[in-house]
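Trainee: I would like to learn how to read a cavity and a chain interface. Can we work through an example together?

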Protein chains: 2
Amino acid sequence: MRLLLISNSTMQGEPYLDYPKYEIQKFLGDKAVTALFIPYAAVTFSFDLYESKVEERFAEIGHHITSIHHFSDPVEAVQNAEAIVVGGGNTWQLVRMMHDNQLMKAIRLKVEQGTPYIGWSAGSNVACPTLQTTNDMPVVDPKGFDCMGLVPFQINPHYLDANPAGHGGETREQRIEEFLEVNPEITVVGMREGTMLKCENNSLKMIGSRSTRIFKKGTHPEELNASDNFDFLLKS
Amino acid sequence: MRLLLISNSTMQGEPYLDYPKYEIQKFLGDKAVTALFIPYAAVTFSFDLYESKVEERFAEIGHHITSIHHFSDPVEAVQNAEAIVVGGGNTWQLVRMMHDNQLMKAIRLKVEQGTPYIGWSAGSNVACPTLQTTNDMPVVDPKGFDCMGLVPFQINPHYLDANPAGHGGETREQRIEEFLEVNPEITVVGMREGTMLKCENNSLKMIGSRSTRIFKKGTHPEELNASDNFDFLLKS
């Protein structure tokens with residue numbers, strides 16, 4: 001499988017999807033690709049607008065996207081895709097629409113056959129076994145928490161170390177500890193802003209200048225850097 | 001109905017449940033009450049420990065609690081309660097255990113008959129029609145998003161204005177806008193840390209020195225203070 005799982009689309013003050021664009025370019029290769037784009041995580045803006053924002057960045061790096069909402073048969077669109085790109089937004093709506101359109105299985109089968117998969121934020125969440133490490137507000141019932149399971153671990157995108165000033169609720173780390181208490185067999189990868197996981201040739205690498213925080217039940221969380229080996233996560 | 005719905009248990013640097021204790025005392029009255037405590041939102045610590053933390057504060061103000069986990073029949077414990085207190089933690093586990101123990105209906109009926117209800121954080125969320133404005137991580141499937149609907153609006157506890165520094169995800173306000181996009185008929189009350197809503201004699205008041213942010217679909221969010229009238233929320 002070939003996966004590029006990105007924590008967040010955009011760094012503060014930068015244009016949309018700017019920082020990961022060269023990694024996306026490298027991942028898709030020299031030959032121009034028109035990827036199938038899944039815009040379902042957009043709630044407060046239109047799929048057309050989302051498509052145009054993403055297309056602008058892809059065109060800049062010599063590739064293109066077409067959004068799935070233009071196809072009458074979404075499953076067939078997946079089956080014919082050169083590459084699949086799933087954008088961020090609200091994970092709950094994304095999962096609901098992927099379930100409603102039978103895309104969980106369709107995309108999983110297609111990506112298992114070698115089609116490149118790129119996701120950011122909610123699009124990285126749905127590559128995991130379930131949506132249970134999302135940070136998003138459950139604005140719709142997703143009709144099932146299960147996702148694609150392209151990787152056997154859970155990603156927490158936008159991983160934050162500290163609570164915002166004056167916030168009296170649980171920290172992100174405490175929330176992940178709650179997840180591990182209930183789901184002790186699954187590893188959680190806290191991906192800080194500006195980081196990506198790339199899976200190619202049965203090997204997993206991390207890209208980014210910040211470290212990634214690995215949470216396993218019963219052990220102290222571990223910090224791993226881009227120079228570390230992440231392959232153990234594929235066997236977890 | 002008599003409700004005291006609190007945003008957060010504790011202000012940073014203070015003892016657990018310290019800041020709202022005198023409001024709790026006033027709400028429960030001069031005669032010593034032993035309230036039924038629902039500790040189900042605790043995930044990483046025991047119900048016994050949770051009970052002892054809350055009992056310590058209640059004893060300080062001349063009241064007491066007994067946790068529901070000591071009763072063999074939780075519904076009967078609710079039916080016999082002098083007051084009901086639902087603590088914070090993880091909303092998803094709280095909702096799941098309330099569903100599993102048939103408590104949503106039991107508590108609603110009991111509170112509709114006049115039994116005082118106190119909740120904080122997750123305990124305020126479950127007083128709303130659904131859990132859909134929680135900030136918590138969905139560590140378990142709640143087996144249904146519906147909650148008690150003691151009030152006809154949604155509370156977002158721990159309401160935060162700004163994103164933490166360097167966070168590239170959606171702000172809280174953007175998440176609530178997503179909720180309103182999908183659920184346009186429901187008002188959302190963003191409760192900042194240190195604030196409470198008190199419902200008595202069919203009237204709703206806000207307590208706290210910070211303002212509360214009211215979100216309705218199609219209008220600019222409104223800031224209301226403790227001196228403002230909140231009754232309109234009961235009719236929404």
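Mentor: Start with the lining of the largest cavity, which has 8 nonpolar, 14 polar and 8 charged residues. Here Ala, Val, Leu, Ile, Met, Phe, Trp, Tyr, Cys and Pro count as nonpolar, Asp, Glu, Lys and Arg as charged, and the others, Gly among them, as polar. This is a predicted model, where local features need pLDDT of at least 70 and side-chain atom pairs pLDDT 80 or more, while totals for chains, interfaces and linings use all residues. Residues are numbered from 1 along each chain as its sequence is written, chains are lettered from A and ligands numbered from 1 in the order written, and side-chain values use heavy atoms, without hydrogens and water.

Trainee: What is a cavity, and how much space lies in the largest cavity?

Mentor: On a 1 Å grid over the protein atoms alone, a cavity is a set of points where a 1.4 Å probe fits but cannot get out; lining residues have an atom within 4 Å of a point. Points are joined across faces, edges and corners, and the volume is the space filled by probe spheres set on them. The structure holds 1 cavity of 30 Å³ or more. The largest has about 570 Å³ of space. It is lined by 30 residues, and those closest to its centre are A:N135, A:R172, B:N135, B:L160 and B:R172.

Trainee: Which helices each supply at least two residues of that lining?

Mentor: Helices are DSSP runs of H or I, at least four residues, and strands are runs of E, at least two, numbered from the N terminus. In the lining, α7 (172-182) of chain A and α7 of chain B each supply at least two residues.

Trainee: How many residues of each chain are in contact?

Mentor: Contact means heavy atoms within 4.5 Å. By that rule, 40 residues of chain B touch 40 residues of chain A. Buried area is the accessible area (1.4 Å probe) that two parts lose on being put together, summed over both. Here it is about 3,300 Å², with 61% from carbon and sulfur atoms.

Trainee: What is the count of salt bridges between chain B and chain A?

Mentor: A salt bridge puts a side-chain nitrogen of Lys or Arg within 4 Å of a carboxyl oxygen of Asp or Glu. Between chain B and chain A the count is 2. A:D136 pairs with B:R175, the closest N and O atoms being 2.7 Å apart. A:R175 and B:D136 also meet in a salt bridge, at 2.8 Å, N to O. That pair runs from helix α7 of chain A to the loop between α6 (122-125) and β6 of chain B.

Key. 1 Å grid on protein atoms, 1.4 Å probe; cavity = no way out; pocket = protein on both sides within 12 Å on 5 of 7 lines; lining within 4 Å.
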